[in-house]
Amino acid sequence: MVYKSCSPEQTEAIAAAFAKDLKGGTVVAFFGGLGMGKTAFVRGMAKGRGLSAEVSSPTFALVHEYGGQPPLVHFDMYRVSGWEDLYSTGYFEYIDAGCILAVEWSENIEAALPEGNTVRVTITAEGETTRCITIEEE
């Protein structure tokens, strides 16, 4: 599916509708550059899951847990540069626990994305404010 968004609020609304039916163990893998709206999308996912958590980019913490059933866990893989780094984040444990993972900078962990349980969300810019959001389910 391809969506157009002209604001962070529209991005959040698209994400909220998308997230309602996500199952535990699903990895939502984000692709797109800085400032594309990945964190806004995760904020919308949290709203769509009925969570009131404060959603922010986990750039320095690497992982934020937002709760819910199944739990929504937000990763930033920008600084992950190898398997050792990836294991240290708890990524695989969260998948095994049946969490829903929202993973920014998935380009850095492409080989670790689970087959059959990954949804790819690519966000690109079309002009200053418009975003093209492509959602591909495996």
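Is Glu12 buried or exposed, and what is its relative accessibility? Glu12 counts as buried, at 11% relative accessibility, where buried means under 20% relative accessible area, exposed means over 50%, and partly exposed lies in between, computed with a 1.4 Å probe on protein chains only. The model shown in these views is predicted, so that local features need pLDDT of at least 70 and side-chain atom pairs count only at pLDDT 80 or more, while totals for chains, interfaces and linings use all residues. Residues are numbered from 1 along each chain as its sequence is written, and side-chain values use heavy atoms, with hydrogens and water left out.

**View 1. The salt bridge between Glu12 and Arg43.** The closest N and O atoms of Glu12 and Arg43 are 2.7 Å apart, a salt bridge being a side-chain nitrogen of Lys or Arg within 4 Å of a carboxyl oxygen of Asp or Glu. Because Glu12 belongs to helix 1 (residues 8–19) and Arg43 to helix 2 (residues 38–48), the pair ties together parts that are 31 residues apart in sequence; helices (H or I, at least four residues) and strands (E, at least two) are DSSP runs, numbered from the N terminus. Arg43 is partly exposed, with a relative accessible area of 28%.

**View 2. The salt bridge between Lys4 and Glu126.** Here the side chains of Lys4 and Glu126 meet at 2.6 Å, N to O. Lys4 in strand 1 (residues 2–5) and Glu126 in strand 6 are 122 residues apart, and the pair links distant parts of the chain. Lys4 is partly exposed, its relative accessible area being 47%, and Glu126 also counts as partly exposed, at 36% relative accessibility.

**View 3. The salt bridge between Glu110 and Arg120.** The side chains of Glu110 and Arg120 meet at 2.7 Å, N to O. Since Glu110 lies in the loop between strand 5 and strand 6, and Arg120 in strand 6, the pair ties together parts that are 10 residues apart in sequence. Glu110 counts as partly exposed at 35% relative accessibility, and Arg120 is partly exposed with a relative accessible area of 22%.

**View 4. Ala112 and its contacts.** Ala112 lies in the loop between strand 5 (100–104) and strand 6 (118–126), and is buried, with a relative accessible area of 9%. Leaving aside residues up to four places away in sequence, Ala112 touches Trp83, Leu86, Tyr91 and Phe92, contact meaning heavy atoms within 4.5 Å. The C-alpha atoms of Ala112 and Tyr91 are separated by 9.4 Å, although these residues are 21 residues apart along the chain.

**View 5. The largest pocket.** This pocket has a volume of about 240 Å³. On a 1 Å grid over the protein atoms alone, where a 1.4 Å probe is used, a pocket is an open set of points with protein on both sides within 12 Å along at least five of seven lines, and lining residues have an atom within 4 Å of a point. A volume is the space filled by probe spheres set on the points, which are joined across faces, edges and corners. The largest pocket is lined by 16 residues, and Phe18, Leu22, Val119, Ile135 and Glu137 lie nearest its centre. Strand 7 supplies the largest share of this lining, three residues.
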